[in-house]
Amino acid sequence: MLFLWLYMFYSCAGSCAGLTTRGSPAPSRAAPPLPPLLPGELGEESSLEEQRSAPDAGSPISSFFNGSGTKRLPQAIIIGVKKGGTRALLEFLRVHPDVRAVGAEPHFFDRNYERGLAWYRDLMPRTLEGQITMEKTPSYFVTKEAPARISSMSKGTKLIVVVRDPVTRAISDYTQTLSKKPDIPTFESLTFKNRTTGLIDTSWSAIQIGIYAKHLENWLLYFPIGQILFVSGERLISDPAGELGRVQDFLGLKRIITDKHFYFNKTKGFPCLKKAEGSSKPHCLGKTKGRTHPDIDQEVVQRLRDFYRPFNMKFYQMTGQDFGWD
């Protein structure tokens with residue numbers, strides 16, 4: 001009986017399919033639904049095509065095969081500054097169980113904006129409800145178009161800027177370039193348009209990045225000052241737990257990252273994690289961090305301090321913080 005039943009079932013299935021073919025045309029398959037995005041994830045610049053091409057639907061099947069959670073656009077971004085301590089801050093924050101962050105710098109809002117928000121979102125890690133998605137790209141802070149683009153994505157995005165004594169930052173920037181291009185001119189020759197008159201060359205990016213007040217003015221056209229947290233690169237070294245406490249408060253996170261997570265590496269000269277994200281071993285930043293700076297003519301250093309002083313004072317007034325660079 002069982003074999004007879006199976007024979008009848010498959011015969012019927014084949015004949016029914018044939019009837020459909022010979023009779024009215026078979027109904028076309030419905031197009032697959034667009035991947036769902038969370039409310040407010042796509043800004044005004046998003047198109048239907050962007051949504052359709054979004055590669056990561058948060059369906060149960062997708063979650064089953066690719067890991068639990070949903071890819072979301074970042075709610076917080078470390079926007080700057082280069083050689084300020086952004087990598088250290090990101091690595092420290094990733095210890096927090098409610099922070100999920102991209103390891104590499106996406107450079108979406110400065111170099112890859114034409115790829116669209118769906119492409120950007122696909123770079124993000126999956127997050128569960130209550131977790132924060134983050135990324136860091138230090139060049140955003142000095143990119144003129146970045147504030148408007150981030151605001152277009154979400155006006156509620158929380159922004160973090162890690163700042164450092166602009167003179168020390170410039171020397172660190174130069175040191176990094178020198179390690180890759182040993183034949184570049186000296187720091188002193190690049191600093192001045194005219195060494196005799198002492199005119200600083202503000203077109204040199206190593207100098208230009210440190211004029212923080214100028215760049216901040218651009219961001220304040222799109223974001224209120226209260227939506228931007230300014231982290232001291234110096235205090236991130238001397239008191240990492242204290243600065244991380246401020247960051248956790250700003251992000252609305254429970255203060256989980258504390259003194260117990262850090263130890264000071266005397267060789268490198270900055271704090272390291274006792275246990276990195278997903279590891280039970282101590283972790284220090286790579287060999288590219290903590291390079292020894294070349295000796296710079298102290299007269300040049302003083303000229304730079306004099307140059308930056310009025311910009312620093314304005315920056316202190318704008319942020320309500322004295323970073324003690326003078």
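Q: Why is Lys 83 called buried?
A: Buried means under 20% relative accessible area, exposed over 50%, and partly exposed in between (1.4 Å probe, protein chains only). Lys 83 has 15% relative accessibility, so Lys 83 counts as buried.

Q: What kind of model do these values come from, and what are its limits?
A: The model is predicted: local features need pLDDT of at least 70, side-chain atom pairs count only at pLDDT 80 or more, and totals for chains, interfaces and linings use all residues. Residues are numbered from 1 along each chain as its sequence is written, and side-chain values use heavy atoms, with hydrogens and water left out.

Q: Where does Lys 83 lie?
A: Lys 83 lies in the loop between β2 (76–80) and α4 (86–93). Helices (H or I, at least four residues) and strands (E, at least two) are DSSP runs, numbered from the N terminus. The protein has 13 helices and 11 strands.

Q: What does the UniProt record say of Lys 83?
A: An unreviewed UniProt entry annotates Lys 83 as "active site". The annotation "binding site" in the unreviewed entry also covers Lys 83, along with other residues including Gly 84, Arg 164, Ser 172 and His 293. UniProt positions are given in the numbering used here, feature names are shortened, and annotations may be inferred rather than shown by experiment.

Q: What makes the backbone of Lys 83 worth a look?
A: Lys 83 has a positive phi of about 60°, although Lys 83 is not a glycine. In the loop between β2 and α4 there is also Val 81. The peptide bond from Gly 80 to Val 81 is cis, with omega near -5°.

Q: Which other residue has a positive phi without being a glycine?
A: His 107 does, at about 50°. His 107 sits in the loop between β3 (99–101) and α5. His 107 has 10% relative accessibility, so His 107 counts as buried.

Q: Why is Ser 172 called buried?
A: The relative accessible area of Ser 172 is 8%, so Ser 172 is buried. Ser 172 is in helix α7 (residues 166–180).

Q: Which residues does Ser 172 touch, not counting residues up to four places away in sequence?
A: Ser 172 touches Lys 83, Arg 164 and His 293. Contact means heavy atoms within 4.5 Å.

Q: Why is β2 called largely enclosed by the rest of the structure?
A: In β2, 5 of the 5 residues are buried, so β2 is largely enclosed by the rest of the structure. Across the protein, buried residues make up 46% of the 326 residues.

Q: How do you know that β2 pairs with β5 and β6?
A: Two strands pair if DSSP finds at least two bridges between them. β2 has 3 bridges to β5 (residues 132–136) and 4 bridges to β6 (residues 158–163). β2 runs parallel to β5 and parallel to β6. Ile 78 stands opposite Lys 136 in β5 and opposite Ile 160 in β6.

Q: Why are the buried residues of α6 said to be on the same side?
A: The buried residues of α6 (residues 146–153) are Ala 146, Pro 147, Ile 150, Ser 151 and Met 153. They cover an arc of only 155° around the axis, which puts them on the same side of α6. The arc is that of the directions from the helix axis to the C-beta atoms. These buried residues pack against β2, α5 (117–123), β6 and α10 (212–219).

Q: Why is the pair of Phe 108 and Tyr 113 called tilted?
A: The ring centres of Phe 108 and Tyr 113 are 5.2 Å apart and the planes are at 55°, so the pair is tilted. Both Phe 108 and Tyr 113 are buried.

Q: What makes the pair of Tyr 174 and Phe 187 edge-to-face?
A: Tyr 174 and Phe 187 have 75° between their planes and 5.5 Å centre to centre. Tyr 174 is in helix α7 and Phe 187 in helix α8 (residues 187–191), 13 residues apart. Both Tyr 174 and Phe 187 are buried.

Key: Phe/Tyr/Trp six-rings, centres within 6.5 Å; stacked < 30°, edge-to-face > 60°.
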